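Biologist: Hi! Could you walk me through this one? I'm still new to reading structures.
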Amino acid sequence: MNAAAAPHPVLDPAHAPPFPVAALPVLRNPQLRKNVAHAIDVIQAKRARLVEEKTDWQALRSAAAAIRAHALENLGAYLELFEARCTAAGGQVHWASDAAEARQIVLDLLRQENAAEVIKIKSMTSAEIQLNPFLESAGIEVFETDLAEIILQLGEDEPSHIVVPALHVNRSQVREIFARRMGIENLSDNPQALTAAARNYLREKFLRIPTAIGGANFLIAETGSVAVVESEGNGRMCLTLPRTLITLAGIEKILPRYQDLEVMLQVLARSATGERMNPYTSLWTGVRAGDGPERFHVVLLDNGRSRILARKNERQTLRCIRCAACMNACPVYRQTGGHAYGSVYPGPIGAILTPQLMQMRHAQSLPYASSLCGACFEVCPVKINIPEVLIDLRAVVTDQERLRIKRLFDPMYLGLRVAALVFSRAWLFHAAQRMARIGLRPFTKKDGWIHALPSIGAEWTQTRDLRGLPKQTFHAWWASRGKGVARENR
Amino acid sequence: MTSTVSSREPILNRVRAATPDGAPSAADAQRSWSALPRDYIRRGSLSAPSRLELMMERLREYDAETSECRLEELPAAIGAQLTRSGRRTLVAPEGLPQEWLVPGFKWKIDHGSGNGSLDIGEIERADGVLTACFCGVADSGTVVLHHTAAEGRRVLTLLPDWHLCILRASQVVQTLPEYFSRSHESASAPALVTWISGPSATADIEMTRIKGVHGPRFLNVILVRDEDAAAT
Ligand code: SF4
């Protein structure tokens, strides 16, 4: 199978190859591109229809953006309130500065429970801190319960999308993975049969394993409640049946009040899966005797978020509600799929979030993984101006490069240096134009285009043609106006 | 555990330093929260009959089964749905009116916490579950449970494969914001809520929608035409 032959995707930004390199295997894999394009077309069409019928869509977006911005602006106060209310309701709140600390807190909690196995609800935050490999190396068996996550876990693959993480895998590939790993002979590749296989595989685990780990879509400061938005019911299983539940959530997931969900739930499902409402949304507050887990822990994760919060323009990155509309709309993502981004957060949001979470020390190629067309901004339900942040981050990357010694020998930087000098002096500029016209004449073909240049100029003409310089410059034409020469040259 | 205290202050300090304009406490943030733009539609404009019709239509779009009856016909309507479904053993929360537990079927009553609560195995083995609900939202065909005595513990509406839910017409609102207003009137924010929009589903394999992954595969809603709705 094609996908199996491709190199294993690396989603650790510290070790992933730069975007243009990582994108190559996908661009050469027609099956993968077909799978991605198909899934995206389906979601996009559904989303477009539902957004159209929603006459107050723009008002909802404005409200959603304002609520999220307000929550971030007052994050300190709201986090403290969330902690107080959650604790009062019987929950326990833990704070983790970085991924390592969060992993350790989770492991310590599991050890207290003597847990050898744990069931999991899909959580991008858990993938961000690479929790599964850590727990497994500590001897704890982890069972993902979201259908897409099972496909990836059993297929030893990585997520390529934040809402439909296995959208790059097609039904025959799923059939092969399930048949092999669940030991089912004669499994058909009918999605109904595959889903039934997953249901049977998990049912016993839900009923048996007393410890669960999950993420959160929203943390409600006013009440100390947590909300999880899902489709399959595996979330409800994990939130309801176990004795102990551990929720891992980024500190930015805060909403001020319960009522704010009236906006967020309306925009989230429409943006994410093109539904008026997802099948299940659960909200719980601490613990309740006789209903659900006896012990409930929330691990609040910073991991670079407070640093993003401090940057005025980049702060909007944290408004994100992980709906994935931006990647579904992105012409670059459509071609490369998610693995090329070298992070669990792909697409436009990944291009701005990942390098910032990495404190701009890794993933510097991602701010360039965009055509700046603005489609992501247009669909984003919380109005994150992704192109604006991309440009800001490009400036940061360029500033970093400026400090690097190797740029002294880099032809591009040398060239730009010379250009800066030439552009700042009119006489030099004119002289350069004259020289260029003479120098480029032998390469300019009859059609007025340059199709091939030698040496470093070839880097340009390899992929595009260059227009030959006109016989007369604008300056010269302006100076000669009315002298009867101008008409000759247009 | 030591880690519960260690990073709390550093994180909160970093957050506060990053947001110098932030309110010192959530109570202080209240005023700017109240001033946030909310120009979206709060109240629906449909007449009561169209609102109910929309609710039923949206439920059917999710492949939920729907039927309607008058209040005094409800026990008969419950019996009819049970008979039609061929299900014999049902679980129900303790807060349901006695007359809903129609004779001829095996009812197992869950008394919530402690003594008299059904164990997981019993709930899992039941053919179905019967509950009331808090609200219905017509716009999205959503049934909202607050898990009170008539709506049951969360597990009750999770494990059985078939959920028969009684929705009174007076509980149906058109928009999601209207649900939040109602919820606000009846209590301060509820501690447990489940929003159900059709049976469990997935589209993880090639975006093909498949019903019934882990939650109940079948949702059946009886709309009861009670007095209040006729008045609105
Ligand atoms: S950036 Fe906006 S569109 Fe993209 S995932 Fe986040 S909320 Fe959705």
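**Where the two chains meet**

Modeller: Happy to! The contact is made by 82 residues from chain B and 100 residues from chain A. Keep in mind that this is a predicted model.

Biologist: Thanks! How much area do chain B and chain A bury between them?

Modeller: About 7700 Å². Carbon and sulfur atoms account for 58% of that buried area.

Biologist: And how many salt bridges does the rule find across the interface?

Modeller: Twelve salt bridges cross between chain B and chain A. To look at a salt bridge up close, find A:Glu80 and B:Arg8, whose closest N and O atoms are 3.7 Å apart.

Biologist: Which helix gives the most to the side of chain B that touches chain A?

Modeller: That is helix α2 of chain B, residues 8-18, with seven residues. By class, chain B's side of the contact has 38 nonpolar, 25 polar and 19 charged residues.

Biologist: Let's switch to strands. What is the order of the strands in the open sheet?

Modeller: The order is β8(A)-β5(A)-β6(A)-β9(A)-β9(B)-β6(B)-β5(B)-β8(B). That makes eight strands, with mixed pairing.

Biologist: Which are the edge strands?

Modeller: Those are β8 (254-255) of chain A and β8 (172-173) of chain B, each of which pairs on one side only.

Biologist: What about β9 of chain A and β9 of chain B: is their pairing parallel or antiparallel?

Modeller: Antiparallel, over four bridges. The strands are residues 280-285 in chain A and residues 193-196 in chain B. Among the bridge partners, A:Ser282 goes with B:Thr194, and A:Thr281 goes with B:Trp195.

Biologist: What holds paired strands together, in general?

Modeller: Strands of a sheet pair through backbone hydrogen bonds.

Biologist: New topic: where is A:Lys120 found?

Modeller: A:Lys120 is in strand β2 of chain A, which covers residues 117-120.

Biologist: Is A:Lys120 buried or exposed?

Modeller: A:Lys120 counts as buried because its relative accessibility is 1%, and the cut-off for buried is under 20%.

Biologist: Which side chain does the side chain of A:Lys120 make a polar contact with?

Modeller: The side chain of A:Ser126, at 2.4 Å. Leaving aside neighbours within four places in sequence, A:Lys120 is in contact with several residues, including A:Asn132, A:Phe143, A:Asp146 and A:Cys238.

Technical notes
Residues numbered from 1 in each chain as written. Chains lettered and ligands numbered in written order. Predicted model: local features only at pLDDT ≥ 70, side-chain atom pairs only at ≥ 80, totals over all residues. Heavy atoms only, no water. Contact = heavy atoms within 4.5 Å. Buried area = accessible area lost by both parts, 1.4 Å probe. Salt bridge = Lys/Arg side-chain N within 4 Å of Asp/Glu carboxyl O. Helix = DSSP H or I, 4+ residues; strand = E, 2+ residues; numbered from the N terminus. Nonpolar A, V, L, I, M, F, W, Y, C, P; charged D, E, K, R; others polar. Pairing = 2+ DSSP bridges. Buried < 20%, exposed > 50% of the residue type's maximum accessible area, 1.4 Å probe, protein only. Polar contact = N/O pair within 3.5 Å; in protein donor to acceptor, adjacent residues only side chain to side chain.
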